[in-house]
Amino acid sequence: LKELGGWASESEGEPEPLLDALGLRESVSAEAREASGSWRTVSTERELLSCLRRCREVGGSSGYLPGLYEFIVPGPGRLDLSRSLDDGLVFVLDCPDVDKEQSSCSSPEGQVGPALLAFTRDGRISSLKSNWVCSVVASSRVSFESAIDYAHSSDVADKLNTGTARKNTPPFCLVFDDRVPIEEGTLAERLPRVEDECVVFSYIQKKE
C-alpha cells in the first residue's frame with residue numbers, strides 16, 4: 001500500500017482514496033452503489049455483537065471483525081473499537097432487526113446479505129500517512145462492493161478526517177474474511193491481496 005502515490009508516511013504528495021489510487025472506482029457494480037444508501041451506524045457493542053451473530057448465521061462468517069494480525073473481538077479490552085463505536089465509525093448494511101429470521105438486508109434472491117464495515121486505528125501502522133484499518137464482514141459480491149463504496153463516501157471521510165484538513169478518504173489497510181467471493185473480474189479479485197499467515201484474512205471453522 002505504501003507504494004501508492006502519496007500513501008507512504010514520508011511522501012509529500014496528497015494520497016488518493018484507495019479505489020482511485022488503484023484505478024478501480026468503476027469496478028463497483030451498479031447494484032452495490034444502490035445498496036450503499038442502506039448503510040447505517042451501529043452505536044453500541046450489544047448491537048454490534050448481534051449484527052456479527054447475524055452475519056455468521058446467514059453468511060457463514062467467523063462472527064468476528066477481521067483485523068491486522070488478529071480478530072477484533074468486542075469487549076472491555078478493545079478501547080479502539082469502543083472509540084470507533086462512539087465516533088460513528090461502525091456500520092451495518094440495513095439490518096434494523098438482526099434477531100429476526102429474515103432481515104431487511106437480505107434480498108429475495110439472497111444477493112446482498114448482511115454486512116458490516118468498521119474503521120479502527122492500529123498504532124502498529126507507521127509506514128502509511130494514517131493508521132486506519134478498514135474491516136469488512138460480507139458474504140456476497142454486492143455487499144462487499146457496497147462496503148468498499150460506502151467506505152469512500154463523503155460521510156465516512158468526514159468522520160475519518162476529524163481534526164485534520166484532509167477532505168478525501170484517507171489511506172487505510174483493508175481487511176476482509178474469506179466469505180467474500182473472489183470471482184474473476186470483480187472488485188474483490190482485482191484488489192491487490194496478500195497471503196501472509198501473520199495477517200488475518202480467512203477464518204475456517206472446523207466441522208464437528
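pLDDT is the predictor's confidence in each residue, from 0 to 100. The structure above is a predicted model, and these exercises start with that score.

**Exercise 1. Find where pLDDT stays under 50, and report the mean pLDDT of the protein.**

Step 1. Take the whole protein. The mean pLDDT is 83. Of the residues, 85% reach 70 or more.

Step 2. Over residues 95-110, pLDDT stays under 50. The model has 27 contacts beyond four places in sequence for this stretch.

Step 3. Go on to residues 197-208. Here too pLDDT stays under 50. For these residues the model has 22 contacts beyond four places in sequence.

**Exercise 2. List the elements of the protein, then give the strand order of its open five-stranded sheet.**

Step 1. Count the elements. There are seven helices and seven strands.

Step 2. Read from the N terminus. The run is α-α-β-α-β-β-α-β-β-β-α-α-β-α.

Step 3. Now order the sheet. It reads β1-β4-β5-β6-β7, and the pairing is mixed.

Step 4. Check the edges. β1 (39-41) and β7 each have a single partner strand, so one side of each lacks a neighbour in the sheet. From one strand to the next, the twist averages 20 degrees.

**Exercise 3. Work out how strand β6 pairs with β5 and with β7.**

Step 1. Recall the rule. Strands of a sheet pair through backbone hydrogen bonds, either parallel or antiparallel.

Step 2. Take β5 (residues 116-121). Six bridges join β5 to β6, and the two run antiparallel. Threonine 120 has valine 133 as its bridge partner in β6. Alanine 118 stands opposite serine 135.

Step 3. Take β7 (residues 172-176). β6 and β7 pair in the parallel sense, over five bridges. Cysteine 173 in β7 stands opposite valine 133.

**Exercise 4. Decide whether the residues of β6 (residues 132-137) are buried or exposed.**

Step 1. Set the cut-off. Buried means under 20% relative accessible area.

Step 2. Conclude. Six of the six residues of β6 are buried, so the strand is largely enclosed by the rest of the structure. For the protein as a whole, 49% of the 208 residues count as buried.

**Exercise 5. Name the residues that touch the most other members of the largest nonpolar core.**

Step 1. Size the core. It holds 40 residues.

Step 2. Name the residues. They are Trp39, Leu117, Phe119, Val136 and Phe144.

Step 3. Find the top contributor. Helix α5 (residues 141-151) gives the most, with six residues.

Step 4. Another core, of 14 residues, lies apart from it; Cys51, Cys55, Leu116 and Ala118 are among its members.

Technical notes:
Residues are numbered from 1 along each chain as its sequence is written. This is a predicted model: local features need pLDDT of at least 70, side-chain atom pairs count only at pLDDT 80 or more; totals for chains, interfaces and linings use all residues. Side-chain values use heavy atoms; hydrogens and water are left out. A nonpolar core is a set of buried Ala, Val, Leu, Ile, Met, Phe, Trp, Tyr and Cys residues joined through side-chain atoms within 4.5 Å. Buried means under 20% relative accessible area, exposed over 50%, partly exposed in between (1.4 Å probe, protein chains only). Helices (H or I, at least four residues) and strands (E, at least two) are DSSP runs, numbered from the N terminus. Two strands pair if DSSP finds at least two bridges between them. Contact means heavy atoms within 4.5 Å. Axes are lines fitted to C-alpha atoms, for helices over the stretch in contact, and angles run from 0 to 180 degrees between N-to-C directions.
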